Amino acid sequence: MISKSSLYHVVEAMAPLYVAMGLGYASVRFRAFTSEQCAGINHFVALFAMPLLIFRMISSNDPYAMNLRFIAADTIQKAAILAALALWARLSARGSLAWVVTLFSLATLPNTIIMGVPILRGMYGSMSGTLMVQIVVLQFAFWYVLVVFLFEYMAAQRALVAKQQRAAAPAAVVLTVLDGDQQINASAVVPVTEGDRDADTNTEAAMPPPPAEAEAAMAAPSAKLILLMAAKKILKIPSIHASMLGLVWSFIAYREGIKLPTIIDDSVAIISVSATGLATFSVGTFMAQQSRFISCGYSVASLAMAMRFLVGPAVMAASSLAVGLHGDLLHVGIVQAALPLAVISFVYAKEYNVHPEIMSTGVIVGTFASFPITIIYYILLGL
């Protein structure tokens with residue numbers, strides 16, 4: 001049974017996060033901060049505070065003492081969900097790559113570094129904090145890279161189709177119409193009249209490309225093009241740089257028994273300690289700037305919450321049991337899978353315009369819902 005004192009320690013760890021979030025929300029609602037000032041705070045967090053926090057956490061983690069079973073359970077969970085979604089997209093008329101990326105992010109990419117570390121430490125002690133750092137390593141070293149690659153694939157596919165449409169109909173203005181899944185509607189072609197062209201020429205120019213050209217227009221872009229575009233995007237993400245540098249340094253430091261010079265470590269620490277508070281504050285400002293908490297409709301919001309708080313933890317429980325986890329390790333795996341959606345997932349969705357309203361709802365509603373839900377999981381697992 002969970003004692004009252006243990007439950008209090010959990011609330012004690014979670015409350016400061018929601019206080020910072022509430023201050024961020026109130027600062028926008030009561031106009032203490034303008035949209036430009038909020039953007040400045042977000043930019044500082046993304047460019048400096050969060051990357052330095054990630055570097056400090058990963059560089060202080062011993063890569064030679066990582067819990068391989070826990071890492072395997074997390075990897076199996078993500079791989080199983082991604083495979084199931086890919087199969088669904090292939091077999092279902094409603095499936096698409098955009099939905100695969102969205103549902104995968106909702107189910108498997110929790111807000112580990114901002115909320116996971118302090119919450120899990122309050123529940124299960126310092127051991128859980130170490131495990132969260134290990135998950136963060138994999139998230140930034142592989143899973144977010146994969147998500148960015150898929151986003152770049154969709155963006156390159158849309159750009160290539162638009163280019164091929166223009167080439168196929170040189171005398172027309174081709175409008176590429178995207179629906180809610182970023183699926184391409186290549187049928188909208190508006191004719192352009194030029195001077196004394198006769199009616200036959202204009203009619204021919206307005207016609208959609210013949211079937212062979214339309215099929216060519218829908219061809220997938222080359223893997224080399226996608227890799228180049230994704231690599232350029234990934235190299236611009238400070239958190240990716242920080243995670244890679246932190247991982248490389250941790251391998252060197254723990255093998256050679258060396259530490260960062262104090263002057264460097266303190267310089268990193270003085271900024272990184274502000275990351276958690278400022279990041280949760282930024283989540284609050286983001287919430288206040290939205291016109292509606294639920295911007296994607298209640299049925300889609302329910303699906304998003306089910307993926308975040310039911311499917312993700314359930315698959316994590318199954319994968320953890322499959323690799324032999326039990327006790328606190330099993331509990332940590334399940335509870336971390338029920339954390340709210342990572343804000344960075346919404347940032348990517350908004351940048352690439354792939355279901356941003358769903359991801360916005362996932363962040364906002366999920367952050368509020370996670371407080372009682374994680375406590376419920378904690379209590380039930382302790383029975």
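S27 is situated in helix α1, which spans residues 4-29; helices (H or I, at least four residues) and strands (E, at least two) are DSSP runs, numbered from the N terminus. The model is a predicted one, in which local features need pLDDT of at least 70 and side-chain atom pairs count only at pLDDT 80 or more, while totals for chains, interfaces and linings use all residues. Residues are numbered from 1 along each chain as its sequence is written, and side-chain values use heavy atoms, with hydrogens and water left out.

With a relative accessibility of 7%, S27 counts as buried, a class defined by a relative accessible area under 20%, with exposed meaning over 50% and partly exposed in between (1.4 Å probe, protein chains only). When neighbours within four places in sequence are left aside, S27 is in contact with A32, F33, F281 and T285, contact meaning heavy atoms within 4.5 Å.

For the chain as a whole, the secondary structure comprises 16 helices and 4 strands. Of the 383 residues in the chain, 45% are buried. Among the contacts between residues at least 6 apart in sequence, 82% join residues at least 24 apart. The chain exposes about 18500 Å², of which carbon and sulfur atoms supply 66%; accessible areas come from the Shrake-Rupley method with a 1.4 Å probe, and for residues only the protein chains shown count as cover.

Two packed helices are described by the angle between their axes and the distance between the axes. Helix α3 (residues 68-91) packs against helix α4 (residues 97-108) at an angle of about 155°, with the axes 10 Å apart. Axes are lines fitted to C-alpha atoms, for helices over the stretch in contact, and angles run from 0 to 180 degrees between N-to-C directions. Helices α3 and α4 are therefore roughly antiparallel to each other, given that angles under 35 degrees count as roughly parallel, over 145 as roughly antiparallel, 65 to 115 as roughly perpendicular and the rest as oblique. Their crossing is right-handed; a crossing is right-handed if the near helix is turned clockwise from the far one by less than a right angle, and left-handed if anticlockwise. On the α3 side, the contact is made by Q77, K78, I81, L82, L85, A86, W88 and A89, and on the α4 side by W99, V100, L103, F104, A107 and T108. These residues divide into 11 nonpolar, 2 polar and 1 charged (Ala, Val, Leu, Ile, Met, Phe, Trp, Tyr, Cys and Pro count as nonpolar, Asp, Glu, Lys and Arg as charged, and the others, Gly among them, as polar).

Helices α15 (residues 343-352) and α16 (residues 356-381) pack at an angle of about 165°, with their axes 8 Å apart. This pair is therefore roughly antiparallel, and α15 passes α16 in a left-handed crossing. V343, S345, F346, A349 and K350 of α15 meet P356, M359, S360 and V363 of α16 in the contact, which contains 6 nonpolar, 2 polar and 1 charged residues.

The loop between α15 and α16 contains N353 and H355. N353 has a phi near 55°, a positive value in a residue other than glycine, and phi of H355 is likewise positive, near 55°. N353 is partly exposed, at 44% relative accessible area, whereas H355 is buried, at 3%.

L245 belongs to helix α10 (residues 238-256) and, at 55% relative accessibility, counts as exposed. L245 and S59 are separated by 186 residues in sequence, with a C-alpha to C-alpha distance of 7.9 Å.
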